[in-house]
Structure formats: C-alpha cells, structure tokens
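Here's a walk through a protein model, one piece at a time. Have the sequence and the 3D view at hand as you read.

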Amino acid sequence: MTLLQDRFQQVYDQIHLSEQICNRQGQVQLLAVSKTKPTDMIRDAWSCGQKHFGESYLQEAISKIQALHDLSDIHWHFIGPIQSNKTRDIAEHFEWVHSVDRLKIAQRLNDQRPELLPPLNICLQVNISGETSKSGVSLDELPQLVQAINQLPRLTLRGLMGIPAPESDPAQQRIPFRTLADALKSLNKQFSLDMDTLSMGMSDDLEAAIQEGSTMVRIGTALFGERDYAQKPSQNASSNQEKE
Ligand SMILES: *Cc1c(COP(=O)(O)O)cnc(C)c1O
C-alpha cells in the first residue's frame with residue numbers, strides 16, 4: 001500500500017466506524033480537499049477510487065481542473081471564500097459550491113451558469129461560531145436567503161455548510177454541528193424543501209460531525225498531509241479568508 005492509499009483507508013475506516021456508532025451506515029460521503037496539493041496527488045487519489053474533490057483557491061483550482069480533464073467521473077466542489085468578480089469561473093468549472101453566503105453571489109452564479117450544464121449544486125455557508133469566523137450567513141438571516149435562492153432556476157439548493165471554531169473536546173465539537181443540523185431540518189419544514197446535504201466535519205472533527213448528521217465530510221490534512229503553503233506565498237497559512 002502506498003502512503004496515500006493507507007491514509008484513504010484510515011479515513012474511510014474512521015468514517016465507517018462513526019457511521020456505525022450512530023447507525024448511519026452509508027450516509028456519509030467523503031470530499032477530498034486537495035487545495036495546495038499537486039495534480040499528481042489528485043490523480044493518485046482518483047486511482048484509489050476517490051471522485052469528489054474540494055478546492056478553495058480559484059486560480060489554482062482551474063489550472064488543476066484543466067490539467068485533469070482526462071479523468072472521467074471526477075467531480076469538483078468549490079469550498080473557498082467567493083469574491084463577486086470570480087463567480088463566472090466558479091459557475092463554469094464546478095459542480096458544487098459549498099460557500100455561498102449572500103444573495104448577490106448566488107444571483108451571479110445563477111446568471112452565469114452555462115446553459116449546457118445542469119444546475120449548480122449549492123450549500124449555504126452558515127456562521128455557526130460567531131466571533132471566530134468572518135464568512136457565513138447568520139442563523140437569523142438564513143431563512144430569507146434560502147427563500148430567495150430557492151427561486152433561482154440555475155441553482156439547486158442542497159443544504160448547509162459550516163466551519164466551527166477549532167475545539168478539541170469531542171462533546172463540545174458536536175454543539176455547532178447540532179445547530180447546523182437543526183437549522184437544516186427547520187428550513188426544510190418551513191419552506192417544504194428537501195435539502196439533503198450537511199457539509200460538515202474536517203480532519204479534526206469528522207466523528208463529531210457524523211454523529212450530528214453530516215452527509216459530507218471535507219477532509220484535507222488527514223488524506224494529503226499538511227498543506228503546501230510554500231507553493232502559494234500570497235496565502236496566509238492561518239486563514240483562507242479572502243478580502244473583496
Ligand atoms: C481546507 C479546508 C478543509 C480541510 O481541512 P482539514 O482540516 O485539512 O481536513 C475543509 N473545509 C474547508 C472549507 C477548507 O477550507
């Protein structure tokens with residue numbers, strides 16, 4: 001087994017064990033977060049059977065998507081902060097966007113989604129840990145945003161995404177995930193929707209996220225190792241926030 005195969009196996013084992021603990025077998029999808037990682041590594045991961053990849057930095061992502069065009073059945077998810085002048089590239093190159101947090105961005109993605117492609121799958125990024133994160137719509141503003149985005153024909157509203165503040169205690173980790181899961185349930189009820197996606201859980205909190213109902217964990221470090229920030233001198237290693 002290669003190191004990468006070994007890491008994928010470990011993460012799959014971790015996911016399956018967590019699913020079993022809460023009787024949710026087969027309900028959690030793995031999104032491999034490949035930001036800062038070279039295309040060779042993505043190719044290797046694809047050979048291991050991984051087909052869904054998440055990227056945060058648009059220029060880097062597009063050159064990788066183009067370089068990997070020969071891979072069939074590969075699915076690209078945009079998970080990074082979105083600047084409004086970048087929406088066209090996102091609408092043209094991705095199948096999913098997890099980080100929509102305002103109507104203006106959604107409207108642009110809707111308008112710019114190419115006719116020949118199916119509607120873009122959208123998760124709304126919710127700010128579930130107030131002080132620490134700058135991105136994400138607040139829980140208060142979420143219903144209004146859902147209602148508005150639900151009218152846009154070139155977008156399919158799939159669910160919610162959250163990035164809680166880092167927390168090492170497993171019981172504490174579950175609290176913001178529960179908040180997000182409750183929000184999805186009540187929005188589905190309020191607007192008679194059937195949003196099916198809770199994009200939550202990263203390398204350090206996937207078990208807690210799965211126990212609270214995650215349907216998609218976004219895993220980078222546990223699969224690919226520490227990020228290669230040396231390749232991207234303009235990015236601040238402690239934050240992936242981009243300013244508009
Ligand atoms: C980088 C990133 C991840 C992956 O985080 P790890 O801790 O490396 O697993 C997940 N989600 C988002 C939005 C990210 O930017």
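Helices here are DSSP runs of H or I with at least four residues, strands are runs of E with at least two, and both are numbered from the N terminus. This is a predicted model, where local features need pLDDT of at least 70 and side-chain atom pairs count only at pLDDT 80 or more, while totals for chains, interfaces and linings use all residues. Residues are numbered from 1 along each chain as its sequence is written, and side-chain values use heavy atoms, leaving out hydrogens and water.

Back to the helix. At Pro-176, helix 7 bends by about 25 degrees (that's the angle between axes fitted to the seven residues ending there and the seven starting there). Pro-176 is also one of the helix's buried residues, along with others including Phe-177, Leu-180 and Leu-184. Buried means under 20% relative accessible area, exposed means over 50%, and partly exposed is in between, using a 1.4 Å probe and protein chains only. The buried residues of helix 7 pack against strand 5, helix 6, strand 6, strand 7 and helix 8. Just past the helix, Ser-192 takes a positive phi of about 50 degrees.

Now for the core. A nonpolar core is a set of buried Ala, Val, Leu, Ile, Met, Phe, Trp, Tyr and Cys residues joined through side-chain atoms within 4.5 Å. The largest one here has 60 residues, and Val-97, Val-100 and Ile-122 are among those touching the most other members. Helix 7 gives the most to this core, with six residues. Another core, of seven residues, lies apart from it and includes Trp-96 and Cys-123. Setting aside neighbours within four places in sequence, Ile-122 is in contact (heavy atoms within 4.5 Å) with residues including Val-97, Leu-109 and Leu-157.

What about Glu-55, buried or exposed? Glu-55 sits in strand 2 and counts as buried because its relative accessibility is 0%. Its side chain makes a polar contact of 2.7 Å with the side chain of Ser-34. A polar contact is a pair of N or O atoms within 3.5 Å; within protein, one must be able to donate a hydrogen and the other to accept it, and residues adjacent in sequence count only if both atoms are side-chain atoms.
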